Amino acid sequence: MMMIEQEDVGATTPIHKLTNGNSNNGLLTNGHKAKKDDDKATYKYTYEHLAETAKYLLERVPFRPKIGIICGSGMGSLAEALTDKVVFPYNQIPHFPESTVEGHAGQLVFGYLMGVEVVCMKGRFHHYEGYPLWKCSMPVRVMKLVGISHLIATNAAGGLNPKYKVGDVMLVNDHINLMGFSGNNPLHGPNDERFGPRFLPMNRAYDKDLIELAKKVWDDLKLGPIHEGVYTCLGGPNFETVAELKMLQMVGVDAVGMSTVHEVITARHCDLTVLAFSLITNFCATNYENQSEANHEEVMDVGKMRQDTLATFVQNLVLRIKKLGYPGIK
Ligand SMILES: O=P(O)(O)O[C@@H]1C[C@H](O)[C@@H](CO)O1
């Protein structure tokens with residue numbers, strides 16, 4: 001395993017120290033300056049920022065990944081089976097935010113999973129950490145720029161569908177972008193056509209071929225029941241009230257979490273083929289008699305409990321995706 005340490009970063013001219021000659025308040029000078037400007041609605045990563053990030057990574061990785069994997073809460077062990085790893089702590093990657101949530105290690109890991117070139121995010125960014133949605137989902141664009149065509153986004157979620165049990169897996173076949181209803185969208189602001197179009201369809205966001213393939217892989221491995229359903233993301237960090245959960249159930253939500261939706265919108269914008277799944281880590285109490293309370297420890301415990309199964313599933317899935325010649329590319 002190769003770990004990119006601070007010394008390594010300094011060994012060449014650090015790309016995040018380069019400027020483009022503009023005097024735009026130092027926005028391109030380094031990640032720290034960018035952090036100060038987090039709250040400014042006008043600040044976005046430009047294509048050039050993310051190209052710098054991608055260049056930094058590509059100069060240090062001897063292969064190009066085809067599949068990106070985002071590890072949900074407590075699911076970082078998905079990255080453990082990678083071989084020939086090149087590990088980048090987020091705080092050493094130009095322009096990258098930092099992970100602040102327990103169960104999100106904060107590392108971008110390149111490597112081979114069953115011989116397939118992948119890049120894994122061990123730790124994602126959530127809106128409740130204080131990051132705007134465009135910042136939460138910037139790694140998706142970086143992964144696109146380093147070469148991926150397919151994204152597998154995983155998350156921990158509360159189960160609203162009464163048929164689901166704790167520990168079950170739900171393949172996401174659609175989502176409800178609740179934050180988007182109020183105009184909070186990762187694509188808000190000027191559009192750069194180099195990433196994708198101003199307006200994009202979302203009715204086929206979750207690739208049907210990949211869902212079918214995932215179901216087949218799961219069944220072939222005899223891993224038990226698997227579900228398909230609708231996910232929604234709320235802003236968090238609090239878990240939901242009973243009234244909120246009842247409302248979500250009424251509108252057809254099967255699993256509720258605090259991520260993924262903005263990542264998938266960003267992924268579809270730049271034409272990635274997407275598969276997402278939720279690990280159901282807790283029940284959602286839709287009545288006041290239920291005394292159980294959701295908590296992050298339980299979420300991570302269930303992640304740990306199911307880590308081997310999920311790792312087997314994802315390893316076999318990427319292998320099949322590669323064998324089939326990366327299906328689903330439109
Ligand atoms: O990153 P994910 O969506 O897997 O994390 C879920 C949502 C919250 O961040 C956390 C709550 O326990 O788990």
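The structure is a predicted model, in which local features need pLDDT of at least 70 and side-chain atom pairs count only at pLDDT 80 or more, whereas totals for chains, interfaces and linings use all residues. Residues are numbered from 1 along each chain as its sequence is written, and side-chain values use heavy atoms, with hydrogens and water left out.

The ligand is surrounded by 13 residues, the closest being Ser 73, His 126, Tyr 128, Ser 259 and His 296, where a residue is counted if one of its heavy atoms lies within 4 Å. Polar contacts (pairs of N or O atoms within 3.5 Å) to ligand oxygen atoms are made by the side chains of Ser 73 at 2.7 Å, Ser 259 at 2.6 Å and His 296 at 2.6 Å. Of the 340 Å² that the ligand exposes when taken alone, the protein buries 96%, as computed by the Shrake-Rupley method with a 1.4 Å probe. Strand E6 (150-159) and helix H10 (296-305) are the elements that give two or more residues to this shell.

Salt bridges, defined by a side-chain nitrogen of Lys or Arg within 4 Å of a carboxyl oxygen of Asp or Glu, number 11. Glu 48 pairs with Arg 194, with the closest N and O atoms 2.9 Å apart; this pair links helix H3 to the loop between helix H6 (178-181) and helix H7 (208-220), across 146 residues. Glu 48 is partly exposed because its relative accessible area of 37% falls between the limits for buried (under 20%) and exposed (over 50%). Lys 215 and Glu 228 meet at 2.6 Å, N to O, and join helix H7 to strand E8 (residues 227-233). Shared partners bring Glu 48, Asp 192 and Arg 194 into one network of salt bridges.

Arg 60, in the loop between helix H3 (47-58) and strand E2 (67-71), counts as buried because its relative accessibility is 11%. The side chain of Arg 60 reaches the backbone oxygen of Tyr 56 at 2.8 Å.

Met 247 belongs to helix H8 (residues 242-250) and, at 42% relative accessibility, counts as partly exposed.

Methods
Helix = DSSP H or I, 4+ residues; strand = E, 2+ residues; numbered from the N terminus. Buried < 20%, exposed > 50% of the residue type's maximum accessible area, 1.4 Å probe, protein only. Polar contact = N/O pair within 3.5 Å; in protein donor to acceptor, adjacent residues only side chain to side chain.
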